[in-house]
Amino acid sequence: MKRLADRPAFWGWLFITPWLAGFLGFTAGPMLASLWLSFYKYDLVNLEYVGLENYRRLPLDPLFWKALSNTFAYAFISVPLGVAGSLMIALLLNQKVRGIPLFRTLFYIPSLVPSVAAAILWQWVFNAENGALNLGLGFLGLPTPQWLQDERFTLPAFVLMSLWGVGGARMVIFLAGLQGISETYYEAARLDGASHRQQFWHVTLPLLSPVMFFNLVLGLIGAFQIFTQAYIMTGGGPNNASLFYAIYLFRTAFEQFKLGKASALAWVLFAILLVFTLIQFRASKKWVHYEGGEA
Amino acid sequence: MVLGRRAFALIGLLVVGMATTGCFSRATGCPEGKTCLRYMAWGNPQQFEVERQIVKRFNEQNPDLHVTVFSVPGTSYAQKQIMMLGSRTAPDVMRVDHYFFPNLAAKGHFTDLTPYAKADPSFDPDVYFPTALEECYVEGKLMALNVLFGGIAMYYNKTMFREAGLEDPWELHQRGQWTWARFRQSAIALTQFEGGRPKRFGTTVPQLPAIIACLRGFGGEMIDLDANRSLLDQPGTVAAYQFLADLVWVDRAAPTPAQGANFAFTFESGKVGMVLDFMGMIPRYREVAKGFDWDVAPIPKGPAGGRTVIKGNQLVIPKNCKNPEAAWRFVKYMASQETERVLYAQIRRCFPTRKDVAYSPEYLQTDQPPYQLQAFVESVENGRILPINERWIEWINALQMETDNLFAGRERDASVVLSRARDKINTILSEDPGL
């Protein structure tokens, strides 16, 4: 009989046990519990089965649509801009120039600032009277909006702020992707007379498409869950202009104690993310190219 | 299958590690032979230290009991509290912000204190201000005792008033001439712009719940609790909101939301002449407001009088408490004369709930600002509690979202904004509270 300790699988399971316990206890378990709760009216004391009532009522709530539209607008503007920004910085930081490690560090530093601290910092930047942004705009003779107080400008302000993170993990992944592209492709392209621009469009971009796909999927999932910045900077205002889906969900659960409705909201968000991720996977067959294989 | 020796050793090591790091530890710190209670509150380190000293004194006076106090940051207190109540792990005594109290009490989270109060010969409800107990009753049952209580009054920069040649609000109040019309004139006179940029403002738009004090002066109210409907379309309510919006956009005597962002204009910095707030601001103003004289006066009178807003927080015994008799002794001690003298007369954290402390020379006489503490006494004598019901958080949020536009100047007509808010609030109030 082979001893259990001699089986590699045993050690594998043993070492992932803490993670597995955490996943089952703190992720999978609560997820299933929230699915169950979404069919109940629950305020942490009284539990009453209501079937699909929580889901049926969501479309009747104007704040649900407001939160959804705010979140969609934020995600579909900030993610493409962010991915493009990260790619541009990665391309710059992939150049062979003196002091490149220093530049890479400098660009990465903003992403190390905790999100709460960054939110407070950006509150100052967006200050309509004395903020750095409006001082700069005023200097150039441009209009100086009330970024966080005027509902027309709140969402653009959050999109602008999201670019703060372009030098972070996404940029590092792009950089790793760029460095993984073999020099031989460029050499062959140059021999065929390809210009720098042609090399970028026909070599770099196709070979970087799996990385871009990864960043797009994760970026969209992250953008749909925006919370901290808006919670701290505007609390969802003014006039719900920055009421993002996660803030609405949080308020429903922990300010109004409607745990059933909040669970339904969470599962609707899960379904939305699932659909968009599946769409991206389906669409990726047309534009993502894997080296040595089909898309 | 057989486990190897090394595997056993590894698992053993994990178990020992978990035990030593506290995963299996069940130490409670409760001294042998005593009934132990846990008390949860919020407060900054200085405030918490005072409460710790009060608890220590209680423990010394009650050798059969042992209370341990722990604090939870104010920003996450409400969430922590509801989680603990929901999971039946709440401490034996906890402080609840009144904004949440009616909602939580209606859900049956708290012990009815009526039998304990009736059976206790040392408990006399008449020693408290009636409004201090009014907040604690739910359907005729005493569900809590009040702490950190008080009414809203007006802080003002005496130096600014003197330099502008304006009459002192406290003196005007004594002659019955401190009105919202006078407040507006003063705010305009105190405001200064330099090169088109604001240097100082006469006042700021009051935040909730202070804004309700202004509404009441104009004869307005937000909600009819009995009829469960919004009163935002009442002429007094509309007039008060219009008055406040005009202070910003017509008179330019109060900062716009953009001008006031990031605490650019605060009373303690000497850049604002008058603000409405609770007594709890005194410790901060005493520490920070330097270089000018300041004092307090009651809120101005409007066409409908000058009834201000009163609010407290409640000390409750959650339903899961195993020793409610012992917890009642502690709750009563926290509202005792001895404790209130420390909390309110000495460190001035809030207004006393007890009349004997509020009317005592120790509370009324002081050698540092604010001097007219009578203003807070009058606010509690004349004020009314807030119209908080189970749906407060929901409807007040709906109202604020609408009035954001009014104070940001995107809309100028208060009646239009408030009629929209009224409809939204009436919808909220008519809906099933759990869905």
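I take helices (H or I, at least four residues) and strands (E, at least two) as DSSP runs, numbered from the N terminus. I note that this is a predicted model, in which local features need pLDDT of at least 70 and side-chain atom pairs count only at pLDDT 80 or more, while totals for chains, interfaces and linings use all residues. Residues are numbered from 1 along each chain as its sequence is written, and chains are lettered from A.

Chain A overall. I looked up the secondary structure of chain A, and it comes to 13 helices and 2 strands. The C-alpha trace of chain A spans about 80 × 75 × 35 Å along its principal axes. Of its 295 residues, 33% count as buried, that is, with 20 or more other C-beta atoms, placed from the backbone, within 10 Å of their own.

Chains A and B. Taking two residues as in contact if their C-beta atoms, placed from the backbone, lie within 7 Å, I find 31 residues of chain A in contact with 29 residues of chain B. On the side of chain A that touches chain B, α2 (53-57) and α5 (115-125) each supply at least two residues, and the largest share, 3 residues, comes from α2(A).

Helix α2 of chain B. I checked B:Glu51, B:Val55 and B:Phe58 in α2(B) and find them buried. They cover an arc of only 55° around the axis (taken from the directions from the helix axis to the C-beta atoms), which puts them on the same side of α2(B). On the other side of α2(B), I find exposed residues (12 or fewer such C-beta atoms), among them B:Pro45, B:Gln53 and B:Glu60. I also noted that what covers the buried residues of α2(B) includes β1 (35-41), β2 (65-71) and α14 (324-334) of chain B.
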